[in-house]
Amino acid sequence: MASGQTPLEKRICLFTDHLDGASGFSYKEVARMLAQLGVSGPDLTVRRGGLVKAERVTEDLPKAAAIFKDHGLTIPMITTSLTNAAEARDVLEVASQVGIKYYKVGYMGYEDMDHWRERRARARKDLEGLVRLGKRLGMHAGFHNHSGPIVGGTLWDCFDLVEQHDRKWLGIFFDIAHATIEGGKNGWNIGFRRIRNRVTMAAIKDFVWEKVKGKWRTRWVPLGEGMVPFAEYIPLLLKTRLPGPLSLHIEYDPGGKTKAERFDRSFEAAARDLKFLREQLRGAHQGV
């Protein structure tokens, strides 16, 4: 552990979503960036349009894992669009073979809010299948509390769907920004205290509300510039005994007109947000 580094800092990984697709970055370029940033590795997108394409997972995920290892990194987790065992089997088998232990489950939408009970029943069955598969492969599933008409988007909904399962195989991938969007001033707080024993992974990002053409919407911003109550949240996070990764998300556009410029802007954005996050963790650690 680096001098002055807190235990949770060792688990920080960087979500690669903003480095996917049109950015055109290779595994080696992403690995070089992450090694320079001093994170544990990527929260690697393994899905359609991801840094690793789901349809090429058998060939490409082992290649990516080898390149990250060559740069002194692991792959702490992968982010997927997987919502049931049938579609998850190939991806999780390869992930397990290369030593990955954690993955984020895909999103299950409330297509018709009037039929929320039926949708939750289907989601429950799908999660049961993913847990059975995960037990066989040694893969832990993180269920993300994504805001909007998404199953599990509110914390009571998320908790109710995971509480019956062994925490070793299914936990909540807690996202303080999405919890704040749905929970406002204090809903995230009481909700987190209810679910904290089921939280096994966590995402970090920040946002603001803004009015555009008469309608309110959220906009992602650098850490500390938005509405996420980090000073209240981080001390609670440190007390959860988080076993899995802490994933830093650069959801806002870092900018850059060329590939080289985007690489530099992405590095600068991550370095800035990492500095903020590490300062928050170290400050809270002193008070725990």
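This is a predicted model: local features need pLDDT of at least 70, side-chain atom pairs count only at pLDDT 80 or more; totals for chains, interfaces and linings use all residues.

Reader: Which residues touch the most other members in the largest nonpolar core?
Author: L61, F174 and Y233 do, in a core of 85 residues. A nonpolar core here is a set of buried Ala, Val, Leu, Ile, Met, Phe, Trp, Tyr and Cys residues joined through side-chain atoms within 4.5 Å. Buried means under 20% relative accessible area, exposed over 50%, and partly exposed in between, with a 1.4 Å probe and protein chains only.

Reader: And which helix gives the most to this core?
Author: Helix 9, residues 259–287, with 7 residues. Helices (H or I, at least four residues) and strands (E, at least two) are DSSP runs numbered from the N terminus.

Reader: What does Y233 touch?
Author: Not counting residues up to four places away in sequence, Y233 touches F174, I176, W188, F192, A202 and I204. Contact means heavy atoms within 4.5 Å.

Reader: OK, zooming out. How many helices and strands does the protein chain have?
Author: There are 9 helices and 10 strands. The radius of gyration is 18 Å, close to the 19 Å that the globule rule gives for 288 residues, so the chain is as compact as a globular protein of that length. That radius is taken over C-alpha atoms, and the rule is 2.2 Å times the number of residues to the power 0.38. Along the principal axes, the C-alpha atoms fill a box of roughly 50 × 45 × 40 Å.

Reader: What share of the residues count as buried?
Author: 53% of the 288 residues. Also, of the contacts with a separation of 6 or more, 75% are between residues 24 or more positions apart.

Reader: How many positive and negative side chains are there?
Author: 45 positive and 35 negative, and the centres of the two sets lie 3 Å apart. Lys and Arg count as positive, Asp and Glu as negative, and His and the chain ends are not counted. The place of a charge is NZ of Lys, CZ of Arg, CG of Asp or CD of Glu.

Reader: Switching to single residues. Is V30 buried or exposed?
Author: V30 is buried, with a relative accessible area of 1%. V30 lies in helix 1, residues 27–37. Leaving aside neighbours within four places in sequence, V30 is in contact with T16, L19, F25, L51 and F68. V30 and F263 are 233 residues apart in sequence and 8.8 Å apart in space, C-alpha to C-alpha.

Reader: What about M108, buried or exposed?
Author: Buried, at 1% relative accessibility. M108 is in the loop between strand 4 (102–104) and helix 4 (116–137). Leaving aside neighbours within four places in sequence, M108 is in contact with T83, R119, A123, D126, L127, I150 and V151.

Reader: And where is G152 found?
Author: In the loop between strand 5 (140–144) and helix 5 (155–162). G152 counts as buried, at 0% relative accessibility. Setting aside residues up to four places away in sequence, G152 touches F143, H144, N145, H146, D157 and C158.

Reader: Now the backbone. What is phi of K213?
Author: Near 55 degrees, a positive value in a residue other than glycine. K213 sits in the loop between strand 8 (206–212) and strand 9 (215–221), and counts as exposed at 84% relative accessibility.

Reader: Where is R241?
Author: R241 is in the loop between helix 8 (230–238) and strand 10 (246–248). R241 has a positive phi of about 55 degrees although it is not a glycine, and is exposed, with a relative accessible area of 76%.

Reader: Last one: what is F276 in contact with?
Author: L223, G224 and F230, leaving aside neighbours within four places in sequence. F276 is in helix 9.

Key. Residues are numbered from 1 along each chain as its sequence is written. Side-chain values use heavy atoms; hydrogens and water are left out.
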